[in-house]
Amino acid sequence: MGKQRALSRVFFSWHRGRERDSALVSSCLSRFLGSFKSCEREFWSERLHAQTRPPIASKRPFLKEAHGIKWNDPYHWMSSPSEKAHLTEHVRRENRYADVIMADTLPLQHRLVQEMEGRISAELVTPPERWGSWLYYSKVPEGAEFPVYCRRRAEGCDVKGFMSTHEEILLDQNAIAREFGYAHVGMCKLSADHKLLAYTVDKNGCEEFTLFVKDLSSGQVLAQHTVEGVVSVEWAQSEPSLFYTVADNLMRPFKVYCRSLDSSTGSKLVLQENDDSRFVDVARTKDWRYLTLNVNSKTSSEVHLVDARNPGGKVRIVEPRRSEVEYFVEHHDGFLYILTNSGLSPNYRLVRCPVSTPGSDHWEEVIRVEEDMAIVDMDVFHKHLVLYQRKAGLPRVQILDLPHNETCNERRGRELSLPQQVCSILPGVNQDFFSPSIRLTINSPLMPEATFDYDLRTGESTFLQQNQYVLQPNTQNSRSLVERSESRPPNTNCVWRDLSSLYVCKQAIVTSSDGVHVPLTIFHSRNVVKEGTSPALLLGYGAYGQILETEWCSDRLSLLDRGWVLAFAHVRGGGELGREWHHAGRLTKKCNSFQDFIASANYLVEHGYAHPSKLAAWGISAGGLLVAATINMVPDLFCAAILEVPFVDVCNTMLDPTLPLTVADYDEWGNPEDPTYFNYIREYSPYDTLKERTAYPALLVLASLNDTRES
């Protein structure tokens, strides 16, 4: 949320990892289909005893006590570093067991992986995006696993950028992977003069990043400016000075440093945050006027400004932190434009104030927000301000002209016209403050990603690229869709292509146990008949105010073409309907998320979308908690489920403040040192509410020995 955070990621726009890293998703889906196939068979228990028995983890008594309640945690030994060898061996036995149980599904798994990988274009290239005198783009070359970030001089190039000008390779992630054996690029930031590139790399998969600075004129990495443990980074404008944050031993970014590349004095500490519940982030305003040092918890913010032309100057605070008040800052022509939830509504509103008087006493409303509208983010250009919003759970983009001359009541803005079925809008790089257009990518479950430029002055859209899927014969299935990337000549008559002739996507409204209406997105082939005979997969997340995106994913076609129904439950705790929706599913209202998920599952059966014995669920991270808690509450609701890095040991995790993110997560789950939160968490924590002598669904659980964020 907020441009400060949105722009702190990799600045290049490239074909996202969901498609290129299809192997992980493909493997998960294929193994899931295999487990589903296996759990349907009547001779499940026969084969289980004939070939192998499930590994049994050893139980070791370990007494715990809190608020006068005592309980035994027989698997506490697994959390001890000294027991890593024993734990690793147990996990290996679990993996061998899973391999045996699913051995007869290997042909299906291999067929699915080939099918999914066969939909991916051999080479992926993003449309170039202009920033100053350069055109920036990225590509994944044929046979490569990772992107290569490139640029060309804009002079002599058309809008596509593939003319005679020389291509410069800024960063080749494949080369980084060859050097370190692993590579995850965290962020890339260009200096204001486009001569230096600062980027961070995780070299071993532990989410600990190293900062590198590259001289783009020579292609050399400036070794003297390499820094370990960096989280975020940003350039000042007037001189080669770099601001960056470093993390403490719990991986919490808590210090901001400034490093001058022209000096041998090293780095200077600018800001330090000692509150363990807060994270420090560094960014800049889009016009390069200010650096923003953002101190955020999950529910409140504090922003400090540094003059980007005078990086050694005074640090000024915008508004002191207040409980449950968040705000995010941009700058335009002497005014700060601020998204904040301060006021009567928990949703964000847009305000502004002079830079000289930044406090909340001087905040004035810029535009009135409709009651059923939620602002998600903003972007600022020289002549326009763009608001990203959601209405009834669906995305919307509103454009305001700058500077403002009307009163708040008179300002209406204009809405960007989008195809009706669009469920996701992804902004491009959009780093050029003076650009008259904005780059956007839209998609839906039925529509592959389509990239276009929208002229902020005229309202015209120029189509650039859309991934197309062509129907081809297939001996295994009734049809096979193969991806090809189509980059048509720039065209102001946008014709969005989708697969609505083959598939159906609709939004239903589910009534939860307390009468609240919950959105449910349903996706299936047109060949599916609502007779209650189809297999169905229900997905959910419902935490941190995050939106469960119902975006395009070509891998799902393998399920749809086999007669599956996919459904996305937008349960409380997520952000689909604004911050109130999030608040209604966190802290002591968390169980609303589970009731919403149960109601969504029942809806699929009651309305003929799913057979009751062919209904499955899938949850990732906090979504794994959602699915696991639901299974404990209603063990016979699903016949199979995937729990991917699930957060299932909520009580023990939140009782241990020495774990990364625990203190910061008190705002989401509650601090169990308070008996109210302790008792509530114990009611739903999946690890603590397992039932003996209960028939649970078939489970595929995927986790990591070194996951720093989940437990």
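Helices (H or I, at least four residues) and strands (E, at least two) are taken here as DSSP runs, numbered from the N terminus. The model is predicted, so local features need a pLDDT of at least 70 and side-chain atom pairs count only at pLDDT 80 or more, while totals for chains, interfaces and linings use all residues. Residues are numbered from 1 along each chain as its sequence is written, and side-chain values use heavy atoms, with hydrogens and water left out.

The protein contains 14 helices and 40 strands. Of its 711 residues, 55% are buried, where buried means under 20% relative accessible area, exposed over 50%, and partly exposed in between (1.4 Å probe, protein chains only).

Two backbone details sit in loops. Most residues other than glycine have a negative phi, and most peptide bonds are trans. Val645, not a glycine, has a positive phi of about 35°; Val645 belongs to the loop between strand 39 (640-644) and helix 12 (650-654), and counts as partly exposed at 23% relative accessibility. Trp288 also has a positive phi, near 65°. This residue lies in the loop between strand 17 (279-284) and strand 18 (290-296), and Trp288 is buried, with a relative accessible area of 10%. Turning to the peptide bonds, Leu402 and Pro403 are joined by a cis bond with omega of about 0°. Pro403 is placed in the loop between strand 27 (394-401) and strand 28 (414-415).

The interior comes next. A nonpolar core is a set of buried Ala, Val, Leu, Ile, Met, Phe, Trp, Tyr and Cys residues joined through side-chain atoms within 4.5 Å. The largest such core has 72 residues, of which Leu520, Ile522, Leu538, Phe597, Leu604 and Phe638 touch the most other members. A second, separate core of 33 residues includes Leu170, Ala183, Ala198 and Leu211.

A cavity is a set of points, on a 1 Å grid over the protein atoms alone, where a 1.4 Å probe fits but cannot get out; lining residues have an atom within 4 Å of a point. Grid points are joined across faces, edges and corners, and a volume is the space filled by probe spheres set on the points. There are five cavities of 30 Å³ or more. The largest holds about 90 Å³, and its lining includes Asp248, Phe279 and Pro657.

Methods
On a 1 Å grid over the protein atoms alone, a cavity is a set of points where a 1.4 Å probe fits but cannot get out, and a pocket is an open set with protein on both sides within 12 Å along at least five of seven lines; lining residues have an atom within 4 Å of a point.
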